[in-house]
Protein chains: 2
Amino acid sequence: MTGVTASDGPDASAPGDGTARRRGRPPRTESAGTRDRILGAAREEFSARGYEKTSVRGIAKSAGVDSALVHHYFGTKEQVFEAAVEGAFAPVLAARDTVLDAPLDEVGERMTRMIIGLWENPVTRAPLLAIVRSAVNNETAAGVFRRLVASQLLRRIAGQIDSPDAELRAELAAAQLVGIAMIRYVIRVEPLASADPEQIIRRVAPVVQGHLTGP
Amino acid sequence: MTGVTASDGPDASAPGDGTARRRGRPPRTESAGTRDRILGAAREEFSARGYEKTSVRGIAKSAGVDSALVHHYFGTKEQVFEAAVEGAFAPVLAARDTVLDAPLDEVGERMTRMIIGLWENPVTRAPLLAIVRSAVNNETAAGVFRRLVASQLLRRIAGQIDSPDAELRAELAAAQLVGIAMIRYVIRVEPLASADPEQIIRRVAPVVQGHLTGP
């Protein structure tokens, strides 16, 4: 699975479903600073307001540039959102490779540790929370979430499993972790909200592993 | 567990955390129709707009009454929301009693069937979706969700389990089902979104049972 990172390029930049982004097309030397500033502003706007209430104009204003420049670098609001989500998703994708490098009988625990770890860290939690909030409330944002989670994460994990229902297995495993994120970090129901992360991992990793490779 | 329904009364009407509602105080004979009309309007408004964008004024207008009457019957917007959610939650609470009446080694399957059944039925799915959307985006709505789900559902299920970590077990079981609801019904990621409900129940019921009563 060492080729995973290298193969992200073509997948991400030419998904063939009309979501190709313009990022990277302007010469990087003169535009990287502006592009990053726009992306940072986009992340903050989407986090604070959610997808629906955020506008390209608001992002441009917050980044101190003209709206046309936002369109130039990213395209539509959906495409700015996708780029922002992809940035917020980068730690997930980096952690994913660690998960995929593990022996198959350890993938359950690695996957559980990855997700709990990302939600425990305030730096990665905030954008994840913004993604969940947007995806739950807006069909366009849900579509971006589906493309990223399904194609970049779950399908890769399913690819490790030798079973005709590998994708369903990966999703049921993900469902256990998504539910914990919802109850612990989003809605914050006790006692799960205050439970020791290691206690959760101890109880949940075998369940995740069972979904992936159990009978 | 035949006393479960009877004991809902005091719990629900006097939670002792400032959420006591005024419902039922006006003489039922002359007010039931108006109260129900307001509640129906509230449910529609909250479903369509979510908690934040809904106003008591909007609910009153949609019900064809004065805002003061909404306050008279229900109190604050939070209290109207709680009454509306409680109404939408009634099928869950009814189904809960069936779950609690089951032998302990069948609770996992009954709980799984209950939740999948409620989400499969479009009549109960719409208000559940509205509750999830509001709770994810608004702290007040999340609080209502916590009170209802934690005290009316999870604590009752935990009460059946003879273990010091019974509540955590109930929440981890609930997390599996919440995650499936999120992936299948809210975000709708394939193949889980189109999988046969019986296939899901077959795979998930043992996991839910394992959380509740496993080692």
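Do the copies meet through the same surface or through opposite ones, judging by the interface residues of chain A and chain B? They meet through the same surface, because 100% of the interface residues of chain A are also interface residues in chain B. Keep in mind as you look around that this is a predicted model.

**Stop 1: the two chains together**

Color chain A and chain B separately and look at how they are arranged. A rotation of 180° with 0.0 Å of shift along its axis places chain A on chain B, with an RMSD of 0.0 Å. The two copies are thus related as by a two-fold rotation axis.

**Stop 2: where the chains touch**

Now select the residues of each chain that contact the other. Between them, about 3,600 Å² of area is buried, and carbon and sulfur atoms give 65% of that. Next, pick out A:Val136, A:Ile187 and A:Arg203: these three supply 18% of the area that chain A buries against chain B, more than any other three residues.

**Stop 3: polar links across the interface**

Show side chains along the boundary. Chain A and chain B share 14 residue pairs in polar contact, counting pairs with both residues at pLDDT 80 or more.

To see a salt bridge between side chains, zoom in on A:Asp165 and B:Arg203, with 2.2 Å from N to O.

**Stop 4: a link inside chain A**

Over all chains, the structure holds 28 salt bridges. For a pair within chain A, select A:Arg147 and A:Glu82, whose side chains meet in a salt bridge at 2.8 Å, N to O. This pair links distant parts of the chain: A:Arg147 sits in helix H8 and A:Glu82 in helix H5 (residues 77-101), 65 residues apart.

**Stop 5: the loop between H9 and H10**

Move to A:Pro191, in the loop between H9 and H10 of chain A. A cis peptide bond joins A:Glu190 to A:Pro191, with omega about 10°. In the loop between H9 and H10 of chain B you will find B:Pro191, and the bond from B:Glu190 to B:Pro191 is cis too, with omega near 5°. Back in chain A, A:Arg188 lies in the loop between H9 and H10, and its phi is near 60°, a positive value in a residue other than glycine. For context, most residues other than glycine have a negative phi, and most peptide bonds are trans.

**Stop 6: an annotated stretch**

Finally, select residues 55-74 of chain A, where UniProt, in an unreviewed entry, places the feature "DNA-binding region". This span is 80% helix and 0% strand, and its end C-alpha atoms lie 13 Å apart.

Technical notes: Residues are numbered from 1 along each chain as its sequence is written. Chains are lettered from A and ligands numbered from 1 in the order in which they are written. This is a predicted model: local features need pLDDT of at least 70, side-chain atom pairs count only at pLDDT 80 or more; totals for chains, interfaces and linings use all residues. Side-chain values use heavy atoms; hydrogens and water are left out. UniProt positions are given in the numbering used here, feature names are shortened, and annotations may be inferred rather than shown by experiment. Helices (H or I, at least four residues) and strands (E, at least two) are DSSP runs, numbered from the N terminus. Buried area is the accessible area (1.4 Å probe) that two parts lose on being put together, summed over both. A salt bridge is a side-chain nitrogen of Lys or Arg within 4 Å of a carboxyl oxygen of Asp or Glu. A polar contact is a pair of N or O atoms within 3.5 Å; within protein, one must be able to donate a hydrogen and the other to accept it, and residues adjacent in sequence count only if both atoms are side-chain atoms. Copies are superposed by least squares on the C-alpha atoms of residues with pLDDT of at least 70 in both. Contact means heavy atoms within 4.5 Å.
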